[in-house]
Amino acid sequence: MIHDTFQTITTATIGLGLAAIAYRSTKLPKMLGRATWDEDKDVKDFDYVVLGGGTAGCVLASRLSEDPSVSVLVIEAGEDMDNNIQTKLPIGYPKLFQTKHDWQFKTIPQTHAEGREMDQVRGKMLGGCSSINAMQYTRGPHSDYDAWESEFGNEGWNYKSVLPYFKKAEGPWHQSYHHFSPTTKAFIQTGVAMGLPHTPDPNGKSELGVARMQTSMNANATRCSTSSAYLRPDIVPGGGTRGHVRVVLKAHVERILFEIQDGVPTAVGAEFRDDKDVLRRVYARREVLLSAGVFCSPALLLASGIGYRIHDSIPLLHPLPGVGENLSDHVGMSVVYACPPTTQTMHTAFTPSKLPKALYQYFVHGTGPLTSQVMEAACFVRLEDIAPEFVAREKANGTYQERASGPNAPHIEILFPACFVDNEDFTRMDDTRKNFYTLLVVLLNPASRGRTSARLTEVVVDQKKMPTKKSDKEGEAEKRFKVEPLIDSNFLADEFDVRVLREGMRFARRLGKKMQQDPALAGFEYVPGEASVPSEDDEAMDRYIRQKCTTFLHSVGTCSMGPATNPKAVVDERLKVHGVNRLRVIDASVMPKVIAGHTAAGTVMLAERAADLIKDDWAGKDVSAS
(Lines give C-alpha, C1' and ligand atoms only; values in the text may rest on other atoms or scores of the structure.)
Protein backbone atom coordinates (compact mmCIF):
# COMPACT_ATOMS: atom_id res chain seq x y z
CA MET A 1 0.00 0.00 0.00
CA ILE A 2 2.57 2.59 1.10
CA HIS A 3 4.89 1.55 -1.72
CA ASP A 4 2.31 2.94 -4.15
CA THR A 5 2.61 6.30 -2.44
CA PHE A 6 6.05 6.81 -3.85
CA GLN A 7 5.42 5.88 -7.45
CA THR A 8 4.88 9.58 -8.10
CA ILE A 9 8.28 10.49 -6.67
CA THR A 10 10.84 9.94 -9.38
CA THR A 11 13.78 7.62 -9.07
CA ALA A 12 16.01 10.66 -9.48
CA THR A 13 14.39 12.29 -6.47
CA ILE A 14 15.00 9.32 -4.25
CA GLY A 15 18.51 8.89 -5.60
CA LEU A 16 19.43 12.49 -4.86
CA GLY A 17 17.75 12.34 -1.48
CA LEU A 18 19.66 9.21 -0.57
CA ALA A 19 22.86 10.86 -1.71
CA ALA A 20 22.12 13.76 0.62
CA ILE A 21 21.80 11.49 3.61
CA ALA A 22 25.18 9.96 2.87
CA TYR A 23 26.60 13.31 4.02
CA ARG A 24 24.26 13.71 7.00
CA SER A 25 24.76 10.23 8.47
CA THR A 26 27.49 9.31 10.88
CA LYS A 27 28.82 6.07 9.42
CA LEU A 28 29.05 3.29 11.97
CA PRO A 29 32.34 1.38 11.85
CA LYS A 30 32.34 -2.29 10.96
CA MET A 31 32.82 -4.44 14.03
CA LEU A 32 33.67 -8.01 14.74
CA GLY A 33 30.50 -8.30 16.78
CA ARG A 34 28.29 -7.91 13.69
CA ALA A 35 29.23 -10.39 10.99
CA THR A 36 28.35 -13.69 9.42
CA TRP A 37 29.24 -16.91 11.25
CA ASP A 38 32.95 -17.68 11.50
CA GLU A 39 33.46 -21.34 12.31
CA ASP A 40 37.10 -20.82 13.22
CA LYS A 41 36.59 -17.90 15.60
CA ASP A 42 33.06 -18.15 16.93
CA VAL A 43 32.31 -19.85 20.23
CA LYS A 44 29.24 -22.06 20.54
CA ASP A 45 28.10 -21.35 24.09
CA PHE A 46 26.50 -18.16 25.39
CA ASP A 47 24.45 -17.17 28.39
CA TYR A 48 21.54 -16.05 26.23
CA VAL A 49 20.70 -16.94 22.65
CA VAL A 50 18.33 -14.42 21.05
CA LEU A 51 16.52 -15.75 17.99
CA GLY A 52 15.87 -12.70 15.83
CA GLY A 53 17.65 -9.35 15.77
CA GLY A 54 14.51 -7.35 15.10
CA THR A 55 12.73 -4.59 16.98
CA ALA A 56 12.66 -6.48 20.29
CA GLY A 57 15.80 -8.61 19.89
CA CYS A 58 18.13 -5.60 19.65
CA VAL A 59 16.68 -4.15 22.86
CA LEU A 60 17.13 -7.45 24.70
CA ALA A 61 20.75 -7.92 23.65
CA SER A 62 21.64 -4.40 24.71
CA ARG A 63 19.95 -4.48 28.10
CA LEU A 64 21.07 -8.00 29.05
CA SER A 65 24.66 -7.17 28.19
CA GLU A 66 24.67 -4.38 30.77
CA ASP A 67 25.88 -7.14 33.07
CA PRO A 68 29.64 -7.44 32.31
CA SER A 69 29.60 -11.15 33.15
CA VAL A 70 27.01 -11.99 30.49
CA SER A 71 27.42 -13.08 26.87
CA VAL A 72 24.60 -12.73 24.35
CA LEU A 73 24.26 -14.21 20.88
CA VAL A 74 21.80 -12.66 18.42
CA ILE A 75 20.93 -14.72 15.34
CA GLU A 76 19.57 -12.53 12.55
CA ALA A 77 18.44 -13.69 9.11
CA GLY A 78 19.05 -10.37 7.38
CA GLU A 79 21.92 -7.99 6.93
CA ASP A 80 23.22 -5.05 8.92
CA MET A 81 21.59 -2.05 7.21
CA ASP A 82 22.44 0.61 9.76
CA ASN A 83 24.89 2.21 7.33
CA ASN A 84 22.50 1.96 4.41
CA ILE A 85 21.13 5.29 3.25
CA GLN A 86 17.76 3.79 2.33
CA THR A 87 17.03 2.89 5.94
CA LYS A 88 18.32 6.22 7.24
CA LEU A 89 16.42 8.61 4.98
CA PRO A 90 12.93 9.02 6.51
CA ILE A 91 11.10 9.12 3.19
CA GLY A 92 13.07 6.26 1.63
CA TYR A 93 11.64 3.24 3.44
CA PRO A 94 9.09 2.11 0.79
CA LYS A 95 11.99 1.45 -1.57
CA LEU A 96 12.89 -1.47 0.73
CA PHE A 97 9.50 -3.15 0.33
CA GLN A 98 9.49 -6.32 -1.80
CA THR A 99 13.29 -6.51 -1.77
CA LYS A 100 15.65 -8.95 -0.06
CA HIS A 101 15.38 -6.74 3.03
CA ASP A 102 11.68 -7.57 3.33
CA TRP A 103 10.53 -11.10 4.25
CA GLN A 104 7.88 -10.66 1.52
CA PHE A 105 5.28 -12.64 3.42
CA LYS A 106 1.77 -12.91 2.04
CA THR A 107 -1.45 -14.04 3.61
CA ILE A 108 -3.34 -16.95 2.18
CA PRO A 109 -6.36 -15.86 0.07
CA GLN A 110 -8.67 -13.97 2.42
CA THR A 111 -12.13 -15.53 2.35
CA HIS A 112 -13.92 -12.37 3.49
CA ALA A 113 -11.89 -9.94 1.38
CA GLU A 114 -12.66 -11.16 -2.15
CA GLY A 115 -10.14 -13.98 -1.94
CA ARG A 116 -7.17 -11.60 -2.13
CA GLU A 117 -3.69 -12.37 -0.86
CA MET A 118 -2.23 -9.44 1.05
CA ASP A 119 1.41 -8.44 1.45
CA GLN A 120 2.74 -8.58 4.99
CA VAL A 121 5.83 -6.39 4.89
CA ARG A 122 8.36 -7.37 7.56
CA GLY A 123 11.91 -6.12 7.93
CA LYS A 124 14.53 -8.76 7.15
CA MET A 125 17.52 -6.89 8.53
CA LEU A 126 19.04 -5.98 11.86
CA GLY A 127 16.43 -3.88 13.62
CA GLY A 128 13.61 -5.74 11.88
CA CYS A 129 10.48 -3.69 11.32
CA SER A 130 11.98 -0.72 13.18
CA SER A 131 14.34 -0.41 10.19
CA ILE A 132 11.60 -0.46 7.55
CA ASN A 133 8.45 0.99 9.16
CA ALA A 134 6.90 4.45 8.93
CA MET A 135 8.54 5.52 12.23
CA GLN A 136 5.27 6.51 13.91
CA TYR A 137 5.43 6.53 17.69
CA THR A 138 2.13 5.96 19.48
CA ARG A 139 1.91 4.14 22.79
CA GLY A 140 -1.83 3.56 22.54
CA PRO A 141 -4.54 4.11 25.17
CA HIS A 142 -3.66 3.60 28.83
CA SER A 143 -6.67 1.31 29.20
CA ASP A 144 -5.30 -1.10 26.56
CA TYR A 145 -2.46 -2.01 28.90
CA ASP A 146 -4.73 -2.01 31.93
CA ALA A 147 -6.77 -4.63 30.06
CA TRP A 148 -3.66 -6.78 29.58
CA GLU A 149 -3.77 -7.20 33.36
CA SER A 150 -7.47 -6.97 34.28
CA GLU A 151 -9.03 -8.72 31.27
CA PHE A 152 -6.26 -11.06 30.14
CA GLY A 153 -4.80 -11.92 33.56
CA ASN A 154 -1.24 -10.63 33.16
CA GLU A 155 -0.11 -9.17 36.47
CA GLY A 156 2.27 -6.24 36.20
CA TRP A 157 1.33 -5.16 32.68
CA ASN A 158 -1.06 -2.32 33.55
CA TYR A 159 -0.22 1.12 32.19
CA LYS A 160 1.17 2.44 35.45
CA SER A 161 3.60 -0.50 35.55
CA VAL A 162 4.74 -0.26 31.93
CA LEU A 163 4.99 3.54 31.69
CA PRO A 164 8.52 3.59 33.19
CA TYR A 165 9.65 1.27 30.38
CA PHE A 166 8.18 3.53 27.70
CA LYS A 167 10.16 6.36 29.24
CA LYS A 168 13.29 4.26 29.66
CA ALA A 169 13.23 3.39 25.97
CA GLU A 170 13.14 7.06 25.01
CA GLY A 171 16.73 7.36 26.21
CA PRO A 172 18.46 5.42 23.45
CA TRP A 173 15.45 5.29 21.08
CA HIS A 174 14.85 8.90 20.09
CA GLN A 175 11.41 10.39 19.48
CA SER A 176 10.86 13.73 17.79
CA TYR A 177 8.80 15.86 15.43
CA HIS A 178 10.10 16.62 11.96
CA HIS A 179 8.45 17.66 8.72
CA PHE A 180 5.09 19.44 9.10
CA SER A 181 3.69 20.45 5.74
CA PRO A 182 1.11 23.23 5.28
CA THR A 183 -1.31 20.59 4.00
CA THR A 184 -0.91 18.55 7.18
CA LYS A 185 -1.51 21.68 9.23
CA ALA A 186 -4.70 22.31 7.24
CA PHE A 187 -5.85 18.73 7.94
CA ILE A 188 -5.47 19.32 11.69
CA GLN A 189 -7.28 22.66 11.48
CA THR A 190 -10.14 20.99 9.61
CA GLY A 191 -10.45 18.31 12.27
CA VAL A 192 -10.65 20.97 14.98
CA ALA A 193 -13.25 22.88 12.95
CA MET A 194 -15.35 19.69 12.90
CA GLY A 195 -15.29 19.54 16.68
CA LEU A 196 -12.39 17.17 17.28
CA PRO A 197 -10.11 18.12 20.15
CA HIS A 198 -6.59 19.12 19.20
CA THR A 199 -4.21 16.73 20.99
CA PRO A 200 -0.75 18.28 21.36
CA ASP A 201 0.63 15.02 22.78
CA PRO A 202 -1.15 11.85 21.57
CA ASN A 203 1.07 9.88 23.97
CA GLY A 204 -0.15 11.85 26.98
CA LYS A 205 -3.39 11.44 28.92
CA SER A 206 -5.49 10.59 25.85
CA GLU A 207 -4.88 10.05 22.15
CA LEU A 208 -8.47 11.00 21.23
CA GLY A 209 -8.63 13.91 18.82
CA VAL A 210 -6.49 15.15 15.94
CA ALA A 211 -2.73 15.33 16.32
CA ARG A 212 0.61 15.67 14.68
CA MET A 213 2.37 12.30 14.77
CA GLN A 214 5.52 11.75 16.79
CA THR A 215 8.28 9.82 15.05
CA SER A 216 11.22 7.61 15.98
CA MET A 217 13.81 9.85 14.33
CA ASN A 218 17.14 11.27 15.42
CA ALA A 219 17.88 14.95 15.85
CA ASN A 220 19.85 14.86 12.59
CA ALA A 221 16.70 13.82 10.67
CA THR A 222 17.59 10.15 10.23
CA ARG A 223 15.68 7.02 11.22
CA CYS A 224 16.27 5.77 14.74
CA SER A 225 15.88 1.99 14.54
CA THR A 226 16.40 -0.26 17.55
CA SER A 227 19.58 -1.63 15.97
CA SER A 228 21.16 1.80 15.59
CA ALA A 229 19.83 2.90 19.00
CA TYR A 230 20.58 -0.15 21.13
CA LEU A 231 23.44 -1.94 19.36
CA ARG A 232 25.81 0.98 18.99
CA PRO A 233 29.59 0.47 18.56
CA ASP A 234 30.09 0.88 22.32
CA ILE A 235 27.70 -2.03 22.92
CA VAL A 236 28.66 -4.49 20.17
CA PRO A 237 30.86 -6.44 20.63
CA GLY A 238 31.12 -5.05 24.16
CA GLY A 239 33.65 -6.00 26.77
CA GLY A 240 35.10 -4.03 29.65
CA THR A 241 32.23 -2.75 31.77
CA ARG A 242 29.71 -4.48 29.49
CA GLY A 243 28.98 -8.05 28.55
CA HIS A 244 29.81 -9.47 25.16
CA VAL A 245 27.31 -9.28 22.29
CA ARG A 246 27.76 -11.32 19.13
CA VAL A 247 25.40 -10.63 16.24
CA VAL A 248 25.42 -13.33 13.55
CA LEU A 249 24.01 -12.06 10.25
CA LYS A 250 22.45 -13.91 7.30
CA ALA A 251 21.63 -16.85 9.58
CA HIS A 252 18.26 -18.61 9.40
CA VAL A 253 17.07 -20.38 12.53
CA GLU A 254 15.55 -23.78 11.80
CA ARG A 255 14.57 -24.98 15.24
CA ILE A 256 15.04 -24.60 18.98
CA LEU A 257 17.02 -27.40 20.62
CA PHE A 258 15.49 -29.12 23.65
CA GLU A 259 16.52 -31.62 26.27
CA ILE A 260 14.10 -33.35 28.60
CA GLN A 261 15.12 -32.42 32.15
CA ASP A 262 13.06 -33.78 35.06
CA GLY A 263 10.37 -34.69 32.57
CA VAL A 264 10.06 -31.13 31.19
CA PRO A 265 11.23 -29.94 27.74
CA THR A 266 14.06 -27.49 28.39
CA ALA A 267 15.46 -25.16 25.74
CA VAL A 268 19.23 -25.54 25.49
CA GLY A 269 20.09 -23.85 22.19
CA ALA A 270 19.22 -23.43 18.56
CA GLU A 271 20.02 -24.80 15.14
CA PHE A 272 20.52 -22.41 12.25
CA ARG A 273 21.82 -22.27 8.68
CA ASP A 274 24.66 -19.82 8.22
CA ASP A 275 25.35 -17.65 5.17
CA LYS A 276 26.98 -20.66 3.46
CA ASP A 277 23.88 -22.79 4.10
CA VAL A 278 25.78 -24.95 6.61
CA LEU A 279 23.82 -26.15 9.61
CA ARG A 280 25.20 -24.89 12.93
CA ARG A 281 24.33 -25.41 16.56
CA VAL A 282 24.74 -22.99 19.44
CA TYR A 283 23.87 -23.41 23.10
CA ALA A 284 22.46 -21.23 25.86
CA ARG A 285 23.66 -21.58 29.45
CA ARG A 286 20.69 -19.62 30.75
CA GLU A 287 17.83 -19.13 28.28
CA VAL A 288 16.75 -19.10 24.68
CA LEU A 289 14.83 -15.89 23.87
CA LEU A 290 12.55 -16.13 20.85
CA SER A 291 12.12 -12.73 19.18
CA ALA A 292 11.44 -13.73 15.59
CA GLY A 293 8.25 -11.71 15.22
CA VAL A 294 4.53 -12.30 15.07
CA PHE A 295 4.76 -14.78 12.18
CA CYS A 296 8.10 -16.50 12.64
CA SER A 297 7.98 -16.96 16.43
CA PRO A 298 4.96 -19.30 16.36
CA ALA A 299 6.29 -21.02 13.23
CA LEU A 300 9.58 -21.78 15.00
CA LEU A 301 7.77 -23.12 18.06
CA LEU A 302 5.79 -25.47 15.83
CA ALA A 303 8.92 -26.52 13.93
CA SER A 304 10.52 -27.34 17.28
CA GLY A 305 7.70 -29.53 18.57
CA ILE A 306 5.90 -26.97 20.74
CA GLY A 307 2.21 -26.42 20.02
CA TYR A 308 0.76 -29.13 17.82
CA ARG A 309 2.09 -31.61 15.30
CA ILE A 310 2.67 -30.11 11.85
CA HIS A 311 4.70 -32.95 10.31
CA ASP A 312 5.32 -36.61 11.06
CA SER A 313 9.06 -36.01 11.26
CA ILE A 314 8.71 -33.50 14.12
CA PRO A 315 7.96 -35.08 17.50
CA LEU A 316 5.49 -33.19 19.64
CA LEU A 317 7.42 -32.27 22.78
CA HIS A 318 4.70 -30.23 24.42
CA PRO A 319 1.10 -29.57 23.33
CA LEU A 320 0.15 -25.90 23.41
CA PRO A 321 -2.98 -25.21 21.34
CA GLY A 322 -2.62 -21.42 21.46
CA VAL A 323 0.54 -21.35 19.34
CA GLY A 324 -0.26 -19.32 16.22
CA GLU A 325 -3.82 -18.53 17.29
CA ASN A 326 -5.34 -15.14 18.21
CA LEU A 327 -3.78 -13.25 15.28
CA SER A 328 -5.19 -9.72 15.08
CA ASP A 329 -4.20 -6.78 12.92
CA HIS A 330 -5.38 -3.34 11.91
CA VAL A 331 -7.23 -3.30 8.62
CA GLY A 332 -8.66 -0.45 6.58
CA MET A 333 -8.86 1.32 3.24
CA SER A 334 -8.35 4.67 1.55
CA VAL A 335 -10.40 7.59 0.31
CA VAL A 336 -8.27 9.53 -2.20
CA TYR A 337 -8.77 13.18 -3.20
CA ALA A 338 -7.52 14.82 -6.38
CA CYS A 339 -6.55 18.42 -5.76
CA PRO A 340 -5.34 21.42 -7.77
CA PRO A 341 -1.62 22.02 -8.40
CA THR A 342 -1.66 24.83 -5.83
CA THR A 343 -2.21 22.31 -3.00
CA GLN A 344 1.15 21.49 -1.40
CA THR A 345 1.53 17.71 -1.34
CA MET A 346 4.32 15.15 -1.53
CA HIS A 347 3.77 15.17 -5.28
CA THR A 348 4.47 18.90 -5.63
CA ALA A 349 7.37 18.86 -3.15
CA PHE A 350 9.55 16.85 -5.51
CA THR A 351 8.93 18.49 -8.86
CA PRO A 352 12.14 19.31 -10.79
CA SER A 353 11.83 22.97 -9.84
CA LYS A 354 11.46 22.26 -6.10
CA LEU A 355 13.85 19.35 -5.71
CA PRO A 356 16.97 21.54 -5.28
CA LYS A 357 15.28 23.35 -2.40
CA ALA A 358 14.33 20.03 -0.76
CA LEU A 359 17.91 18.82 -1.02
CA TYR A 360 19.26 22.08 0.37
CA GLN A 361 16.86 21.96 3.32
CA TYR A 362 17.85 18.42 4.16
CA PHE A 363 21.57 18.71 3.48
CA VAL A 364 22.11 22.00 5.30
CA HIS A 365 19.42 22.12 7.97
CA GLY A 366 18.02 18.60 8.34
CA THR A 367 14.55 19.87 7.46
CA GLY A 368 12.13 19.80 4.55
CA PRO A 369 10.04 17.14 2.81
CA LEU A 370 12.87 14.57 2.71
CA THR A 371 12.48 14.29 6.50
CA SER A 372 8.81 13.34 6.16
CA GLN A 373 7.65 9.83 6.96
CA VAL A 374 4.56 10.56 4.81
CA MET A 375 1.76 10.20 7.39
CA GLU A 376 2.42 13.30 9.47
CA ALA A 377 -0.94 13.57 11.25
CA ALA A 378 -3.91 11.48 12.31
CA CYS A 379 -7.13 11.67 14.23
CA PHE A 380 -8.38 9.06 16.71
CA VAL A 381 -12.14 8.94 17.24
CA ARG A 382 -14.85 6.95 18.99
CA LEU A 383 -17.99 5.64 17.32
CA GLU A 384 -20.43 7.41 19.63
CA ASP A 385 -18.82 10.71 18.63
CA ILE A 386 -18.82 10.19 14.86
CA ALA A 387 -21.79 7.82 14.41
CA PRO A 388 -24.17 7.99 17.41
CA GLU A 389 -27.12 6.71 15.37
CA PHE A 390 -25.12 3.65 14.35
CA VAL A 391 -24.22 2.88 17.97
CA ALA A 392 -27.81 3.29 19.10
CA ARG A 393 -29.11 1.07 16.30
CA GLU A 394 -26.55 -1.65 16.94
CA LYS A 395 -27.31 -1.64 20.65
CA ALA A 396 -31.05 -1.80 19.98
CA ASN A 397 -30.47 -4.81 17.72
CA GLY A 398 -28.21 -6.49 20.26
CA THR A 399 -25.34 -6.58 17.74
CA TYR A 400 -23.05 -3.88 19.15
CA GLN A 401 -19.60 -5.01 20.28
CA GLU A 402 -17.64 -2.66 22.51
CA ARG A 403 -14.17 -3.55 21.34
CA ALA A 404 -12.35 -0.51 22.77
CA SER A 405 -10.75 -1.03 26.18
CA GLY A 406 -12.19 2.08 27.82
CA PRO A 407 -13.98 5.41 27.32
CA ASN A 408 -10.75 7.15 26.29
CA ALA A 409 -9.78 4.49 23.77
CA PRO A 410 -10.58 5.13 20.08
CA HIS A 411 -12.37 2.85 17.63
CA ILE A 412 -11.15 4.44 14.38
CA GLU A 413 -7.98 6.17 13.22
CA ILE A 414 -7.86 8.46 10.17
CA LEU A 415 -4.30 8.82 8.87
CA PHE A 416 -3.41 11.69 6.56
CA PRO A 417 -0.71 11.17 3.91
CA ALA A 418 -0.44 14.15 1.57
CA CYS A 419 -0.12 11.92 -1.49
CA PHE A 420 -1.89 9.17 -3.43
CA VAL A 421 -2.36 5.94 -1.49
CA ASP A 422 -4.65 3.42 -3.17
CA ASN A 423 -4.85 0.04 -1.51
CA GLU A 424 -4.79 -2.19 -4.57
CA ASP A 425 -5.33 -0.62 -7.98
CA PHE A 426 -2.68 2.00 -8.58
CA THR A 427 -3.51 1.93 -12.29
CA ARG A 428 -6.62 4.01 -11.49
CA MET A 429 -4.37 7.02 -11.15
CA ASP A 430 -5.24 9.53 -13.88
CA ASP A 431 -2.13 10.87 -15.62
CA THR A 432 -3.83 14.21 -16.11
CA ARG A 433 -4.29 14.65 -12.36
CA LYS A 434 -1.00 14.36 -10.50
CA ASN A 435 -1.78 15.94 -7.15
CA PHE A 436 -3.53 14.03 -4.39
CA TYR A 437 -4.03 13.57 -0.69
CA THR A 438 -5.56 10.58 1.06
CA LEU A 439 -7.59 9.75 4.14
CA LEU A 440 -6.77 6.27 5.42
CA VAL A 441 -9.49 4.66 7.54
CA VAL A 442 -8.08 2.22 10.13
CA LEU A 443 -10.10 -0.23 12.24
CA LEU A 444 -8.31 -0.16 15.60
CA ASN A 445 -10.16 -2.91 17.52
CA PRO A 446 -10.97 -5.72 15.08
CA ALA A 447 -13.31 -8.45 16.24
CA SER A 448 -11.97 -10.88 13.63
CA ARG A 449 -9.14 -13.23 14.59
CA GLY A 450 -6.80 -15.19 12.35
CA ARG A 451 -4.00 -17.66 12.86
CA THR A 452 -0.44 -18.42 11.79
CA SER A 453 0.74 -21.96 11.21
CA ALA A 454 3.87 -23.30 9.54
CA ARG A 455 4.67 -25.06 6.30
CA LEU A 456 7.81 -27.11 5.85
CA THR A 457 10.04 -27.42 2.82
CA GLU A 458 12.19 -30.54 2.89
CA VAL A 459 15.94 -30.08 2.56
CA VAL A 460 18.81 -32.52 2.97
CA VAL A 461 21.67 -31.62 5.28
CA ASP A 462 25.01 -33.39 5.48
CA GLN A 463 25.60 -33.79 9.19
CA LYS A 464 29.34 -34.07 8.61
CA LYS A 465 29.29 -30.32 7.98
CA MET A 466 27.59 -29.64 11.27
CA PRO A 467 29.67 -28.97 14.40
CA THR A 468 28.65 -31.40 17.10
CA LYS A 469 28.85 -32.03 20.79
CA LYS A 470 29.67 -35.40 22.22
CA SER A 471 25.98 -36.15 22.59
CA ASP A 472 25.29 -35.52 18.89
CA LYS A 473 25.52 -38.23 16.29
CA GLU A 474 27.74 -37.78 13.27
CA GLY A 475 27.40 -39.68 10.06
CA GLU A 476 24.98 -39.95 7.21
CA ALA A 477 22.93 -37.15 5.75
CA GLU A 478 19.51 -36.71 7.24
CA LYS A 479 16.31 -34.96 6.27
CA ARG A 480 15.66 -31.48 7.62
CA PHE A 481 12.92 -28.98 6.96
CA LYS A 482 12.92 -25.28 6.27
CA VAL A 483 10.06 -23.63 8.15
CA GLU A 484 7.93 -20.83 6.71
CA PRO A 485 4.90 -19.16 8.29
CA LEU A 486 1.47 -19.79 6.84
CA ILE A 487 -0.57 -16.66 7.51
CA ASP A 488 -4.35 -16.36 7.61
CA SER A 489 -5.25 -12.92 8.97
CA ASN A 490 -8.95 -13.76 8.48
CA PHE A 491 -9.75 -10.12 7.84
CA LEU A 492 -13.41 -9.05 8.10
CA ALA A 493 -14.61 -12.50 9.17
CA ASP A 494 -16.76 -10.76 11.77
CA GLU A 495 -19.43 -8.64 10.06
CA PHE A 496 -19.21 -6.06 12.83
CA ASP A 497 -15.76 -5.08 11.53
CA VAL A 498 -17.24 -4.23 8.14
CA ARG A 499 -20.01 -2.15 9.69
CA VAL A 500 -17.54 -0.19 11.82
CA LEU A 501 -15.29 0.48 8.83
CA ARG A 502 -18.36 1.66 6.92
CA GLU A 503 -18.99 4.29 9.59
CA GLY A 504 -15.33 5.18 9.61
CA MET A 505 -15.41 5.75 5.87
CA ARG A 506 -18.52 7.92 6.18
CA PHE A 507 -16.76 10.05 8.77
CA ALA A 508 -13.68 10.30 6.55
CA ARG A 509 -15.88 11.54 3.72
CA ARG A 510 -17.45 14.20 5.95
CA LEU A 511 -13.95 15.24 6.95
CA GLY A 512 -12.96 15.26 3.28
CA LYS A 513 -15.89 17.50 2.31
CA LYS A 514 -14.87 19.95 5.00
CA MET A 515 -11.26 19.85 3.78
CA GLN A 516 -12.38 20.66 0.24
CA GLN A 517 -13.69 24.01 1.52
CA ASP A 518 -10.18 25.04 2.56
CA PRO A 519 -8.31 26.67 -0.35
CA ALA A 520 -5.09 25.12 0.99
CA LEU A 521 -6.58 21.66 0.30
CA ALA A 522 -9.55 21.88 -2.07
CA GLY A 523 -10.04 18.95 -4.48
CA PHE A 524 -12.69 16.27 -4.93
CA GLU A 525 -13.05 12.60 -4.08
CA TYR A 526 -11.22 10.56 -6.69
CA VAL A 527 -11.15 7.04 -5.21
CA PRO A 528 -13.56 5.37 -4.87
CA GLY A 529 -15.71 8.31 -6.01
CA GLU A 530 -19.09 9.16 -4.53
CA ALA A 531 -20.94 8.16 -7.68
CA SER A 532 -19.34 4.69 -7.65
CA VAL A 533 -19.77 4.09 -3.93
CA PRO A 534 -22.53 6.30 -2.49
CA SER A 535 -22.38 6.80 1.27
CA GLU A 536 -26.09 6.02 1.62
CA ASP A 537 -25.65 2.63 -0.07
CA ASP A 538 -24.56 0.12 2.61
CA GLU A 539 -24.08 -2.72 0.14
CA ALA A 540 -21.88 -0.67 -2.19
CA MET A 541 -19.75 0.53 0.72
CA ASP A 542 -19.38 -2.96 2.14
CA ARG A 543 -18.40 -4.26 -1.28
CA TYR A 544 -15.72 -1.55 -1.61
CA ILE A 545 -14.39 -2.33 1.86
CA ARG A 546 -14.06 -6.04 1.11
CA GLN A 547 -12.54 -5.39 -2.31
CA LYS A 548 -10.03 -2.77 -1.22
CA CYS A 549 -9.21 -3.24 2.45
CA THR A 550 -5.61 -3.93 3.34
CA THR A 551 -3.43 -4.54 6.36
CA PHE A 552 -1.70 -1.73 8.21
CA LEU A 553 1.03 -4.14 9.30
CA HIS A 554 0.32 -4.18 13.04
CA SER A 555 -0.14 -7.92 13.56
CA VAL A 556 0.05 -9.26 17.13
CA GLY A 557 -1.16 -12.07 19.36
CA THR A 558 0.14 -15.35 17.92
CA CYS A 559 2.03 -16.26 21.12
CA SER A 560 -0.42 -14.55 23.41
CA MET A 561 0.40 -13.72 27.01
CA GLY A 562 -1.97 -15.10 29.63
CA PRO A 563 -2.42 -17.65 32.42
CA ALA A 564 -2.14 -21.37 31.70
CA THR A 565 -5.91 -21.69 32.19
CA ASN A 566 -6.42 -19.70 28.98
CA PRO A 567 -6.29 -22.20 26.08
CA LYS A 568 -5.01 -19.50 23.71
CA ALA A 569 -2.17 -18.37 25.98
CA VAL A 570 1.37 -19.36 25.02
CA VAL A 571 3.45 -17.42 27.56
CA ASP A 572 2.86 -16.34 31.15
CA GLU A 573 3.17 -12.82 32.57
CA ARG A 574 6.97 -13.24 32.70
CA LEU A 575 6.90 -14.23 29.01
CA LYS A 576 7.95 -17.83 29.75
CA VAL A 577 6.45 -20.44 27.44
CA HIS A 578 3.89 -22.52 29.33
CA GLY A 579 5.07 -26.04 30.12
CA VAL A 580 8.61 -25.44 28.86
CA ASN A 581 11.72 -24.38 30.74
CA ARG A 582 14.27 -21.72 29.78
CA LEU A 583 12.35 -20.42 26.79
CA ARG A 584 10.61 -17.06 26.48
CA VAL A 585 8.91 -15.27 23.61
CA ILE A 586 9.57 -11.54 23.49
CA ASP A 587 8.06 -9.63 20.58
CA ALA A 588 4.68 -8.33 19.41
CA SER A 589 3.33 -11.88 19.18
CA VAL A 590 2.80 -11.95 22.97
CA MET A 591 0.42 -8.97 22.96
CA PRO A 592 -2.98 -10.47 23.84
CA LYS A 593 -4.81 -7.84 21.76
CA VAL A 594 -3.65 -5.29 19.22
CA ILE A 595 -3.40 -1.86 20.80
CA ALA A 596 -5.47 1.03 19.45
CA GLY A 597 -2.36 2.71 18.09
CA HIS A 598 0.79 1.70 16.27
CA THR A 599 2.71 -1.26 17.66
CA ALA A 600 6.40 -0.32 17.51
CA ALA A 601 6.40 1.64 20.78
CA GLY A 602 4.62 -1.15 22.63
CA THR A 603 7.04 -3.74 21.29
CA VAL A 604 10.09 -1.80 22.48
CA MET A 605 8.47 -1.24 25.88
CA LEU A 606 7.75 -4.94 26.13
CA ALA A 607 11.39 -5.84 25.39
CA GLU A 608 12.64 -3.30 27.93
CA ARG A 609 10.48 -4.84 30.65
CA ALA A 610 11.35 -8.38 29.58
CA ALA A 611 15.05 -7.64 30.05
CA ASP A 612 14.40 -6.63 33.65
CA LEU A 613 12.27 -9.73 34.26
CA ILE A 614 15.09 -11.93 32.97
CA LYS A 615 17.70 -10.15 35.09
CA ASP A 616 15.52 -10.53 38.18
CA ASP A 617 14.98 -14.24 37.56
CA TRP A 618 18.73 -14.90 37.27
CA ALA A 619 19.96 -12.56 39.98
CA GLY A 620 22.29 -14.40 42.35
CA LYS A 621 21.98 -17.75 40.60
CA ASP A 622 24.97 -19.96 39.86
CA VAL A 623 24.68 -20.56 36.12
CA SER A 624 27.23 -23.39 36.13
CA ALA A 625 25.14 -25.30 38.66
CA SER A 626 21.81 -24.72 36.95
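Let's start with a right-handed β-α-β unit, built from strand 2 (residues 45–51), helix 3 (residues 55–64) and strand 3. Right-handed here means that, with the strands pointing away from the viewer, the path from the first strand over the helix to the second runs clockwise. Helices (H or I, at least four residues) and strands (E, at least two) are DSSP runs, numbered from the N terminus. Keep in mind that this is a predicted model, where local features need pLDDT of at least 70, side-chain atom pairs count only at pLDDT 80 or more, and totals for chains, interfaces and linings use all residues. Residues are numbered from 1 along each chain as its sequence is written, and side-chain values use heavy atoms, leaving out hydrogens and water.

Now look at strand 3 itself. Strands 2 and 3 run parallel, joined by four bridges (pairing takes at least two DSSP bridges between two strands), and Y48 sits opposite V72. Strand 3 also pairs in the parallel sense with strand 9 (residues 244–248), over five bridges; there S71 stands opposite H244. Five of the five residues of strand 3 (residues 71–75) are buried, so the strand is largely enclosed by the rest of the structure. Buried means under 20% relative accessible area with a 1.4 Å probe, protein chains only. S71, L73 and I75 point one way, V72 and V74 the other.

After helix 9 comes G305, with a positive phi near 90 degrees.

Zooming out, the protein chain has 16 helices and 23 strands, and 62% of its 626 residues count as buried.

Methods. Buried means under 20% relative accessible area, exposed over 50%, partly exposed in between (1.4 Å probe, protein chains only).
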